[in-house]
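Have a look at the sequence and the model below. We will walk through a few helices and their surroundings.

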Amino acid sequence: MSILITGGTGFIGSHTVVELINIGETPIIVDNLSNSKEIVLDRIQTVTGIRPKFYKTDLCDAEALDRVFAENPDIESVIHFASLKAVGESVAIPATYYYNNLVSTLNLCEAMKKHGVKIMVFSSSATVYGDPAEIPIKETTPLGITTNPYGETKKMIERILADIHKANPDWSVSILRYFNPVGAHKSGLMGEDPKGIPNNLFPYVTQVATGRRPFLSVFGSDYDTHDGTGVRDYIHVVDLAKAHLCALRRARTVNAVEHFNVGTGHGYSVLDIVKAFESATGRAVPYKLVDRRPGDIATCYADATKAKEILGWQAEYDMVDMCRDADNWQTKNPDGYVE
Ligand code: WQD
């Protein structure tokens with residue numbers, strides 16, 4: 001039996017494919033390469049010795065997606081990563097985000113229904129909590145008012161999946177709410193490859209540390225946090241990948257919709273990250289304190305108890321690992337994946 005991985009050449013998807021292969025599973029990747037490159041398949045093959053079957057397909061093309069299922073009747077489950085995911089971009093082009101993220105998911109669910117596939121692990125985000133009502137954030141923490149269309153699509157898809165399960169109680173859906181994925185595969189052959197100027201903190205820090213950018217702009221130093229800068233729950237991408245394996249194992253044993261916060265349970269401020277990165281790598285990260293970024297919240301980190309108790313998963317990599325692995329990837333791939 002095989003597992004369909006949508007968005008499987010992306011940052012988190014590709015690392016999850018590696019971990020699936022490592023435990024003897026058979027992933028099949030579907031990706032439209034809108035935010036990733038086919039060379040990732042070469043790196044997966046180098047790291048694991050196996051090149052997964054790949055379909056360059058847009059999930060918004062229902063006929064093409066149906067053909068993937070028809071050609072692979074042994075698809076038993078789906079891990080759904082594919083999504084547009086840049087917060088700032090989603091504010092600029094909201095219709096594109098709603099169309100792409102919702103239609104692709106609806107097409108996927110229709111194809112699953114038609115071909116009798118009833119297990120899904122869905123890539124959601126802590127963004128669904130908005131400005132969280134409590135810290136640390138539990139799965140029972142009320143969902144908030146999202147500050148951008150990207151986050152709203154994640155909230156909508158969680159609702160869509162819950163309603164589909166109500167109508168099809170023999171389905172099983174595991175919804176993973178990610179916090180801040182960072183780091184890279186220890187080989188330095190795979191990692192985060194943002195297009196253009198990185199939106200996220202870690203890739204920006206690694207580009208400053210390797211001299212590609214002059215300094216880091218710290219967005220806001222007047223938040224109600226221990227040092228005034230934003231606090232987040234950073235999680236190593238390999239820990240996150242392994243959480244999907246645990247979620248899949250769980251989803252194969254229950255017919256339910258379950259939500260899990262996938263974080264470390266620890267919050268680090270921006271300046272904490274700068275210090276940790278300099279200490280772990282020996283590289284300087286010059287920075288300037290500037291105004292807040294619109295839409296940012298002060299503090300966001302997980303209560304990861306449920307994932308530990310129900311999935312038997314907890315993060316194993318620490319901040320030193322995250323910094324060293326991110327730096328190793330950036331150093332070995334200064335321009336990211338180059339075809
Ligand atoms: C982290 C902290 C910034 C860049 C977003 C999405 C979330 C997920 C992860 C998709 C904040 C500060 C950042 C910089 C800075 N994406 N920062 N200078 O905003 O917590 O989460 O990315 O799933 O859904 O919301 O991550 O890395 O952008 O910011 O000071 O150049 O770093 O203000 O405090 P964020 P981030």
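Predicted model: local features only at pLDDT ≥ 70, side-chain atom pairs only at ≥ 80, totals over all residues.

Residues are numbered from 1 along each chain as its sequence is written, and side-chain values use heavy atoms, leaving out hydrogens and water.

Helices here are DSSP runs (H or I, at least four residues) and strands likewise (E, at least two), numbered from the N terminus. The expected span of a helix is 1.5 Å times one less than its number of residues.

| Helix | Residues | End-to-end C-alpha distance | Expected span |
|---|---|---|---|
| H1 | 11-22 | 17 Å | 16 Å |

Let's start with H1. Phe11, His15 and Glu19 are among them. Just after H1, glycine 24 has a positive phi of about 85°.

In H11, the buried residues include Met319, Asp325 and Trp329. Among the elements covering the buried residues of H11, with heavy atoms within 4.5 Å, are helix H2 (39-48) and strand E7 (180-182).

Now for a helix pair. The axes (lines fitted to C-alpha atoms over the stretch in contact) of H5 (residues 94-114) and H6 (residues 149-167) come within 10 Å and cross at roughly 25°. The two are therefore roughly parallel (angles under 35 degrees).

Methods: Buried < 20%, exposed > 50% of the residue type's maximum accessible area, 1.4 Å probe, protein only. Axes fitted to C-alpha atoms, helices over the stretch in contact; angles between N-to-C directions. Parallel < 35°, antiparallel > 145°, perpendicular 65-115°, else oblique.
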